[in-house]
Amino acid sequence: MSEGKRRILCIIPAYNEEEAVVQVVRELREHLPQADVLVVDDGSFDRTAERARAAGALVCSLAFNLGIGAAVQTGLKYAARNGYDVAIQVDGDGQHPAEEIPPLLEVLEKNSEVDVVIGSRFLPSPGRPVQDGFKSTGTRRIGIRIFAAAISVICRQRLTDTTSGFRATRGEAIGFLGRFYPRDYPEVEALVLLHQAGYVIRETPVVMRERQGGASSIRLGHGLYYMIKVFMAVALGLLKETKGLKGDPTTFPRRALD
Amino acid sequence: MGEDKTLIIQALTVLLGGLICVATVELIRRDLLRTAYALIWLAAGVAVALIGLFSSGFFYLVQKYTGMLYQTFILFCILSFAIILMMQFSILISRLSDRNKRLTQDVAILQEELRRQRGLPADEATNQIKAPATRGPAER
C-alpha cells in the first residue's frame, strides 16, 4: 500500500440498464483514470455486460438476478480478493456523478481512522447551497429522514443519508462487508453492521443527479411497506450475535451460514 | 360409536403410521431424502401408529389433563406438526439460497479473473462455460 499508488475499484451494480451503465463507466474512466471500474451485471437480459466491457470496465456477470445487495457484495468480494485498497460503490443509473468521488476519497485520505465514507445528499457543504442536486421525491424524503433518525440513535452518531448507496470503503472493512453484506435491505443494514463491528463511518456532502435510466430498487408506492420491512430487518439484525464481530468473522455464524 | 367401528379407525390409524415409516425408510434407501430430514417423518409415523394403538387411553388422558376433546386434539397435533415442518423448510430454503448466492457470486468473480488472466478480449474466455449473453426467461 505505497503512498499515491492506492488501488481503487469502483463497483457498479447494474440490472438491465445498459445505456446508463455505459455512461457511468465512461464518466468514471474519464474523471477517475487511476481507478478500475467493475460492473456487476445482476443477471440482466439486455447487453449490459458486453457494453460495459466494451466501455472499458471489468464485468462480473451473475448467472441470475440476486438483487442489489448480493450484486454489491460480489463487487466487494472481488475487491477483497484482488487486494484493492479502496472500494467505491456507485449506482448504475447515473445518480452518482464521478466528479463527486474525489471528495469521498479525500475524507479517507485526511482521516486515517475512517473506514467507510458515505456520500450524503442532505449534509450542507461549504460553498455549495444544500438545495443543489437531486434529493429524491417528497414522500421518500420523509422516509429517508425517519431512517436517518433511527439509525443515528442505533449508531450513536448523526447520519443524514442512510439509504445512500454512494460509499467508499477501505482496508479491512472491504473484506468484512464482502463477507457480511446484507442481502435484502443492504444500505441501511450495512451501516448498523459496520457500527456493531466497530468500524468508523463518516458522512460527507455530495450532489446527486436524478437517475438516468432504470428504476429504483425501492419502488414507489411500496414506500411504507419498504420502511416497515427495513425496520424489521434492522431490529431483528440487532438481536444477532455480534461479539467479536470485527477481526474474527467466524464468530458470526448465523449470518455466514457456513 | 360402536366397538367395531372404533377398531377399524384404530387399525387405519396404525396403518397410516406404518405407511409413513415405510415410505420414509424407502425414500432414504433410494437416496431421495437425507437422513437428517427423515427423522421428523419417522417420528411422526411412529407417533401416529402409537396413537392408533392406544387411542382410547391416550385420548382419555389428553381430555383429563388438557380438556381437549379428541377432535380438537388431533387438529392441534396436525397444526403443530405442519408449523414445525414449515419452519424447518424455511430454514432449509434460507440456507440453500444463501449457498446458491455465494456460488453464483464466486462463479462470476472467477470468470472475470480468468478472463483477465488469459488476457482475452470480450467474452471469449468464458464463452465455453457461460450461456449466451442475451439471456431470457427461456433459459430458466
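Tutor: A patch is made of residues with over 30% relative accessible area and no salt bridge, and its nonpolar side chains are joined within 5 Å. Keep that in mind for this predicted model.

Student: What makes a nonpolar surface patch here?

Tutor: A:Leu224, A:Ile228, A:Met232, A:Leu236 and A:Leu239 make one of about 570 Å².

Student: Take A:Leu236. Why is A:Leu236 called exposed?

Tutor: Exposed means over 50% relative accessible area. A:Leu236 has 51%, so A:Leu236 counts as exposed.

Student: Where in chain A is A:Leu236?

Tutor: In helix 8, which covers residues 223–238.

Student: Now the cysteines. Why is A:Cys10 called buried?

Tutor: The cut-off for buried is under 20%. A:Cys10 has a relative accessible area of 0%, so A:Cys10 is buried.

Student: And A:Cys155, buried or exposed?

Tutor: The value is 3% relative accessibility. That is under the 20% cut-off, so A:Cys155 counts as buried.

Student: Turn to chain B. What are the elements of chain B?

Tutor: They run α-α-α-α from the N terminus on. That is four helices and zero strands.

Student: How much of chain B counts as buried?

Tutor: 23% of its 140 residues.

Key:
Residues numbered from 1 in each chain as written. Chains lettered and ligands numbered in written order. Predicted model: local features only at pLDDT ≥ 70, side-chain atom pairs only at ≥ 80, totals over all residues. Heavy atoms only, no water. Buried < 20%, exposed > 50% of the residue type's maximum accessible area, 1.4 Å probe, protein only. Patch = residues over 30% accessible without salt bridge, like charges linked within 9 Å, V, L, I, M, F, W, Y side chains within 5 Å. Areas by Shrake-Rupley, 256 points an atom, 1.4 Å probe, with all protein chains shown as cover. Salt bridge = Lys/Arg side-chain N within 4 Å of Asp/Glu carboxyl O. Helix = DSSP H or I, 4+ residues; strand = E, 2+ residues; numbered from the N terminus.
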